[in-house]
Amino acid sequence: MTMRSRGGATAWVLAVAVVAASAFFLASEAAGAASAAPHNYEEALRKSLLYFEAQRSGRLPHGQRVSWRDHSGLTDGLEQGVDLVGGYYDAGDHVKFGLPMAFTVTMLSWSLLEYGGDVAAAGELAHALESIKWGTDYFIKAHTQPDELWAEVGDGDTDHYCWQRPEDMTTSRQAYKVDREHPGSDVAGETAAALAAASMAFRETNPHYAHLLLHHAQQLFEFADKYRGKYDSSIAEVKSYYASVSGFHDELLWAALWLHRATGRAAYLDYVVDNAHEFGGTGWAITEFSWDVKYAGVQLLATRLLLNGEHSERHRATLELYRAKADHYMCANMGKNAADEDNVERSPGGMLYVRQWNNMQYVTSAAFLLSVYSGYLSGSTSEGAAVATCAAGPVAAEEMFAHARTQVEYVLGSNPRGISYLVGYGAKFPARVHHRAASIVPYKDRKEFIGCAQGFDDWFGRRSANPNVVVGAIVGGPDRRDRFRDDRQNYMQTEACTYNTAPMVGMFAMLNRVTREQSSLPTTSPRRESS
């Protein structure tokens, strides 16, 4: 069972030691060559969106497609006198953590802003918007006052002592908030970013809702900026699970850039430029992008403004500094920085490797950023702007996109073991995902109560496959040598998280189009936001 942070520690934190090699299957070409067959990206897209339905908390809608789930967490917030029913469970347990949930929604929304036309062409736009709205509806509930945000429901320590279906939960549903006296600029900033990005995703189909989201986003940003502090200093219970190691400055810049994109107001861009140095936006040269560390995303969004000419002359020099750091991240993930320590390690099978615990989150986020940047480069009309500057030489959009695509293909089974790490896709995928609800008989089939310890006794230790398939989940994935052990107790590799799958929604949709067109460039699909 998971007892510590899900691998989101930043580049300044040492990775935990590698698990003994004897516990893993050795990866080699002989063990299973990567499939040469083309991938079905439309199928991958459909299945990725199903995963978010499996992670729903609250009263499930009539259109719920994941039938082995049922209503859960229906009294969340009751003890505190607020309605906190809804939202997402982040992984294989039942705590609702606000920071990774908000990052998940930001990435789902960003997927639609870049590749929404492709999602719509595949017939999945309604489901994608539903996945975003399930999160944003919850954030609206959780934002009970302009300077108050409920950031967690449930306690990780007590939750992990039990192995139960969410429908049977007996663990604490204590809710925790940030406010003026107990600030949380990181969680409030990320929630502001999520709501701002989502407002653009809904602008065409539901303008009233989009306006409501933007209103909450602006209030949350003001709260985050005015009352500064780390949320894990205000909510001690989150420290062992989703500690904000990178601090809150990256989320403040991130939120401001999303609000600038949503509103066009120059004040938000002024904020990003004026605080660039103090907040580390133009200082940190980062090699990862995650629910904790947003700098690479900040640097890419700032680069977009530079390439599109969406800035005044006074902003240019600072935006150029942001772009240099964005290039560093992209070059790191292509192995093109000068020093080895400035590049991301690759497994023998070609997978980007950042750290042992839930490494796939870094693979999917890197693939997304590489693809998005390649689209920005190929769409730029600025002279000399169509390449990234790396120590190994300039990198054109085509090459950058090729690197992104190889990571997606690895996830889907083009790897030494021939395993798809997208559950439910392909002939071979993880069958023992570390997931409480999936590992126990469905509630609809067996409604009698399954107790806290009973789940461990009767279900957790079973060697058989889970009775329910968490379709669309992307598990933590293999180690630095492409080794993977499909074992429910191996939570570092077999637990899936919502933020692993979220960046892939847009990627699968775009690659579906690219594959059909026999094209090699991921030109950004028709935007769903207003100019």
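Me: What volume does the largest cavity have?
Reply: About 50 Å³. Bear in mind that this is a predicted model.

Me: And how many cavities of 30 Å³ or more are there?
Reply: The count comes to 3.

Me: OK, back to the largest one. Which residues line the largest cavity?
Reply: The lining takes in Ala-54, Gln-55, Arg-69, Tyr-89, Ala-91, Gly-92, Asp-93, His-94, Pro-166, His-435 and Ala-437.

Me: How does that lining divide into nonpolar, polar and charged?
Reply: You get 5 nonpolar, 4 polar and 2 charged residues.

Me: Switching to packing. Which residues touch the most other members of the largest nonpolar core?
Reply: Trp-110 and Trp-258 do, in a core of 161 residues. Helix H2, residues 98–121, gives the most to this core, with 12 residues.

Me: What does Trp-110 touch, leaving out residues up to four places away in sequence?
Reply: Its contacts include two other tryptophans, Trp-254 and Trp-258. Trp-110 also touches Arg-261, Phe-289, Leu-300, Leu-301, Phe-368, Leu-369, Val-372 and Tyr-376.

Me: Which residues are in the other core, the one that lies apart?
Reply: That core has 6 residues, among them Ile-440, Ile-450, Trp-459 and Phe-460.

Me: Now strands. Do E6 and E7 pair in the parallel or antiparallel sense?
Reply: Antiparallel, over 4 bridges, with E6 covering residues 387–390 and E7 covering 393–396.

Me: How many residues sit between E6 and E7?
Reply: There are 2, and the two strands form a hairpin.

Me: Last one: what is the bridge partner of Cys-390 in E7?
Reply: Cys-390 has Gly-393 as its partner there.

Methods:
Residues are numbered from 1 along each chain as its sequence is written. This is a predicted model: local features need pLDDT of at least 70, side-chain atom pairs count only at pLDDT 80 or more; totals for chains, interfaces and linings use all residues. Side-chain values use heavy atoms; hydrogens and water are left out. Two strands pair if DSSP finds at least two bridges between them. On a 1 Å grid over the protein atoms alone, a cavity is a set of points where a 1.4 Å probe fits but cannot get out, and a pocket is an open set with protein on both sides within 12 Å along at least five of seven lines; lining residues have an atom within 4 Å of a point. Grid points are joined across faces, edges and corners, and a volume is the space filled by probe spheres set on the points. Ala, Val, Leu, Ile, Met, Phe, Trp, Tyr, Cys and Pro count as nonpolar, Asp, Glu, Lys and Arg as charged, and the others, Gly among them, as polar. A nonpolar core is a set of buried Ala, Val, Leu, Ile, Met, Phe, Trp, Tyr and Cys residues joined through side-chain atoms within 4.5 Å. Buried means under 20% relative accessible area, exposed over 50%, partly exposed in between (1.4 Å probe, protein chains only). Contact means heavy atoms within 4.5 Å.
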